[in-house]
Amino acid sequence: MMWRKLLPNLLTLAALGCAMLSILKAVEGEFVAAAQFIMLCLVFDGLDGNIARWCRGATKFGAELDTFVDIIGYGVAPALLAHQLVMKDHGVWGLLYVCFAPMSGALRLARFRVVDPHRGQKGYLGLPITVNAGWVAMMVFATQTGLLREDLFTLAGGPFAAMVWTVSTAMLFLQVSTLRYSKPTKAPLFFFAGIAMVLMLFLKEEIALVSALSMCAYGVFYAFISPFLPRHAELVDRAAESGELESAEDPVRYRSS
């Protein structure tokens, strides 16, 4: 049926809309809203792939459309957010970071399209571009809500800023590495837990802060520790086992990235 193919593409376009709104909010200086739109982009982008797989509506067209959302939502939008918030005041180093972020993302996505016939369904080669985007967005969100001490937790300078941007830069290099990562969002339990965490960003500020910091902590674990923990991949595969069986007869499984 046509709706099976149309619905995932509409969700992909909704993700693209969120990415554009994030860019506009960053330009306008509304950094918290810009960070929230990046995370909403993640939600819609995750929904399109999973719904396409669950209702057997995955298409090559949808997979290609998804790639453009990825580079804008997770390459350009977080780089522009970082630039508008702090990097524009850090001279050549700030410009290098802002340029390298989408470059790394483009290289990672290009390799993803060429060398991975399963489009991430059996894991990733290199860190997914979404992880650094989420890290940057949630660090901006956490430091701009006003709940943390501004003299200690600032992204403009000092030890905390050095930690945040060093971690982000390391993630950009991991995107083009040959480390293998599991795909947690293919398991419904992980996927819906992630959506709940994002929706908590729109609740009371204290709850939103806990959610943002929790997602940052998982991002660090996933990027730097999980590739060396085989049991993490086994846990993800076991949680996704039912979904894999349901889609085993689906000949096209290209969408998710």
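Predicted model: local features only at pLDDT ≥ 70, side-chain atom pairs only at ≥ 80, totals over all residues.
**Stop 1: the nonpolar patch**

Select Met 2, Leu 6, Leu 10 and Leu 13. Together they make a nonpolar surface patch of about 410 Å². Now pick out Leu 6. It is found in helix H1, which covers residues 2-27.

**Stop 2: a ring pair between H4 and H6**

Next come the aromatic rings. The count comes to seven aromatic pairs. Select one of them, Phe 100 and Phe 173. Their ring centres are 5.0 Å apart, with 45° between the planes, and the pair is tilted. Where do the two residues sit? Phe 100 is in helix H4 (residues 91-115), and Phe 173 is in helix H6 (residues 159-175). They are 73 residues apart, so this pair links distant parts of the chain. Phe 100 counts as partly exposed because its relative accessibility is 24%. Phe 173 is exposed, with a relative accessible area of 52%.

**Stop 3: a tyrosine pair**

Move to Tyr 181 and Tyr 222. The ring centres lie 5.2 Å apart and the planes meet at 35°, so this pair is tilted. Tyr 181 lies in strand E2 (residues 180-181), while Tyr 222 lies in helix H8 (residues 205-224). The pair therefore ties together parts that are 41 residues apart in sequence. Both Tyr 181 and Tyr 222 are buried.

**Stop 4: the ring cluster**

Ring pairs link Tyr 181, Tyr 218, Phe 221 and Tyr 222 into a cluster.

Conventions
Residues numbered from 1 in each chain as written. Heavy atoms only, no water. Patch = residues over 30% accessible without salt bridge, like charges linked within 9 Å, V, L, I, M, F, W, Y side chains within 5 Å. Areas by Shrake-Rupley, 256 points an atom, 1.4 Å probe, with all protein chains shown as cover. Salt bridge = Lys/Arg side-chain N within 4 Å of Asp/Glu carboxyl O. Helix = DSSP H or I, 4+ residues; strand = E, 2+ residues; numbered from the N terminus. Phe/Tyr/Trp six-rings, centres within 6.5 Å; stacked < 30°, edge-to-face > 60°. Buried < 20%, exposed > 50% of the residue type's maximum accessible area, 1.4 Å probe, protein only.
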